[in-house]
Amino acid sequence: MEFGSILRKMRVVADISQEEMAEQLHMSRSNISRLENNRMELKAADLIKWCRITNNPDVLMALYAGVEVVNQLQPITQLITGTILLLGGFI
């Protein structure tokens, strides 16, 4: 699975530069570019950190659920949020 476009979108939406992301992930800016252009393999640990840095835990949930992240991200987030709100009413 290629994550480059997803990683780039997450970073840009979070308003984080490649340099800032590289600093936070303890890697070079060129490695960030390689990841975003699918020229370097993404490690699971780096994906988890990327999601935490960009505040996108929903991407991990979508991947875990085995759905296509780009097309399903918003509906999954709404479903999870709705379920949490529903369960909150019963507690």
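Visitor: Where is the place of T54?
Guide: T54 is in the loop between α4 (44–53) and α5 (57–65); helices here are DSSP runs of H or I with at least four residues, numbered from the N terminus. This is a predicted model, where local features need pLDDT of at least 70 and side-chain atom pairs count only at pLDDT 80 or more, while totals for chains, interfaces and linings use all residues. Residues are numbered from 1 along each chain as its sequence is written, and side-chain values use heavy atoms, leaving out hydrogens and water.

Visitor: Why does T54 count as buried?
Guide: Buried means under 20% relative accessible area (1.4 Å probe, protein chains only). T54 has 7% relative accessibility, so T54 counts as buried.

Visitor: What is T54 in contact with, leaving aside its neighbours within four places in sequence?
Guide: M10, R11, A14, I16 and M21, where contact means heavy atoms within 4.5 Å.

Visitor: What makes α1 oblique to α3?
Guide: The axes of α1 (residues 4–13) and α3 (residues 29–36) come within 7 Å and cross at roughly 125°. Angles under 35 degrees count as roughly parallel, over 145 as roughly antiparallel, 65 to 115 as roughly perpendicular and the rest as oblique. So α1 is oblique to α3.

Visitor: How do you know that the buried residues of α2 are on the same side?
Guide: Those of α2 (residues 18–25) are Q18, M21, A22 and L25. They cover an arc of only 100° around the axis, so they lie on the same side of α2; the arc is that of the directions from the helix axis to the C-beta atoms.

How values were computed: Helix = DSSP H or I, 4+ residues; strand = E, 2+ residues; numbered from the N terminus. Buried < 20%, exposed > 50% of the residue type's maximum accessible area, 1.4 Å probe, protein only. Axes fitted to C-alpha atoms, helices over the stretch in contact; angles between N-to-C directions.
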